[in-house]
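Take a look at the sequence and the model, then read on by topic.

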Amino acid sequence: MKKNYSIEELAFMVDHTQLAAYAQPEAFDKLCKEAMDYGFRMVAINSCQTAYCKNILKGTNVHVGAAISFPLGQTTIKAKLAETADAIENGADEIDYVLNIPHLITGDTDYIRREMESIVKMCREANVISKVIFENCYLTKDQIVTAATIAREVGPDFIKTSTGFGTGGATVEDVALMKKTVGDLVKVKAAGGIRTPEAMLAMVEAGAERIGTSSGVKIIDALRAQAR
């Protein structure tokens, strides 16, 4: 690795995820408790659970991250802005929104830029971190570069590989490509299918600074066991 990260530093990169359609309140109680106990950076949830998790995590360093237009991204800019505003009002510290995949695939880059500018502007004004989800499994390498280039110019805090609900998740190749395109101007989040320490470390080595996973506890426990 380019840097020898401590286990605590790696844990602080984790966006601890619970996005299941059937998740009950006790699942979010558990999610938030684990995030506090393990020192994870954020809990990643659907936006309707924002206030619930914010109340549990009040006074801690764990952020609440709301997924917007999840997982398809096929709502209008107006609808995404309304959901973003609602999540921020309910206490979201971070916003992960899915870009409009068909517009990107058909080459409507003006739409992708307008969408990104609108949501990033709202987040900046609220001092909230913004992340743009690409869903790379549906994109060509050229389309990934196109979206990353727009992000480099617009300036969200992160671009993100995947929702975890598509036909594929994060790959080292895609993380490296995204990082190469945005450089130091935008950070990269890898998400989708990251379930082992080896997978997490490979994504970090490729340039990811956040890791979205529902296996954070398993990963950190394994790293601690390896360090003994």
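Serine 130 sits in strand 5, which covers residues 129-133. The model is predicted. In it, serine 130 has a relative accessibility of 3%. That is under 20%, the limit for a buried residue, so serine 130 counts as buried.

**Around serine 130**

- Which residues does serine 130 touch, leaving aside those up to four places away in sequence? They are Ile95, Val120, Cys123, Pro156, Asp157 and Phe158.
- On one side of strand 5, the loop from helix 6 (109-125) holds asparagine 127.
- Asparagine 127 has a positive phi, near 60°, and is not a glycine.
- Asparagine 127 counts as exposed because its relative accessibility is 73%, and exposed means over 50%.
- Glutamate 135 belongs to the loop between strand 5 and helix 7 (141-154).
- Phi is positive for glutamate 135 too, near 65°, and this residue is also not a glycine.
- Is glutamate 135 buried or exposed? With 2% relative accessibility, glutamate 135 counts as buried.

- In general, the strands of a sheet pair through backbone hydrogen bonds, in a parallel or antiparallel way.
- How many bridges join strand 2 (residues 42-46) and strand 3 (residues 63-68)? There are five, and the two strands pair in the parallel sense.
- Valine 43 has valine 64 of strand 3 as its bridge partner.
- Alanine 44 is bridged to glycine 65 in strand 3.

- Strand 3 is mostly covered, with six of its six residues buried.
- His63, Gly65 and Ala67 point one way from strand 3. Val64, Ala66 and Ile68 point the other way. Residues on both sides are buried.
- Proline 71 lies in the loop between strand 3 and helix 4 (77-89).
- The peptide bond from phenylalanine 70 to proline 71 is cis, and its omega is near 0°.

**The cavity**

- How many cavities of 30 Å³ or more are there? The count comes to one.
- The largest cavity holds about 40 Å³ of space.
- Its lining is made up of Leu19, Met42, Ala44, Ile45, Gly65, Ala66, Ala67, Asp96, Lys160 and Lys189.
- Strand 2 and strand 3 each give at least two residues to the lining of this largest cavity.
- By type, the lining of the largest cavity has six nonpolar residues, one polar and three charged.
- Gly65 and Ala67, on one side of strand 3, are among the residues that line the largest cavity. Ala66 also lines the largest cavity, although Ala66 points the other way from strand 3.

**The largest pocket**

- The largest pocket has a volume of about 580 Å³.
- How many residues line the largest pocket? There are 32.
- Which of them lie nearest the centre of the largest pocket? They are Thr17, Gln18, Thr213, Ser214 and Ser215.
- Several elements each supply at least two residues of the lining of the largest pocket. They are strand 1 (14-18), helix 2 (25-38), strand 7 (187-191), strand 8 (208-213) and helix 10 (216-227).
- Helix 2 gives the largest share of the lining of the largest pocket, four residues.
- The lining residues of the largest pocket divide into 10 nonpolar, 16 polar and six charged.

**Alanine 227**

- Alanine 227 is part of helix 10, and helix 10 is one of the elements that line the largest pocket.
- Alanine 227 is exposed because its relative accessible area is 58%, and the exposed class lies over 50%.
- How far apart are alanine 227 and isoleucine 7? In sequence, 220 residues separate them. In space, they are 9.0 Å apart, C-alpha to C-alpha.

Key. Residues are numbered from 1 along each chain as its sequence is written. This is a predicted model: local features need pLDDT of at least 70, side-chain atom pairs count only at pLDDT 80 or more; totals for chains, interfaces and linings use all residues. Side-chain values use heavy atoms; hydrogens and water are left out. On a 1 Å grid over the protein atoms alone, a cavity is a set of points where a 1.4 Å probe fits but cannot get out, and a pocket is an open set with protein on both sides within 12 Å along at least five of seven lines; lining residues have an atom within 4 Å of a point. Grid points are joined across faces, edges and corners, and a volume is the space filled by probe spheres set on the points. Ala, Val, Leu, Ile, Met, Phe, Trp, Tyr, Cys and Pro count as nonpolar, Asp, Glu, Lys and Arg as charged, and the others, Gly among them, as polar. Buried means under 20% relative accessible area, exposed over 50%, partly exposed in between (1.4 Å probe, protein chains only). Contact means heavy atoms within 4.5 Å. Two strands pair if DSSP finds at least two bridges between them.
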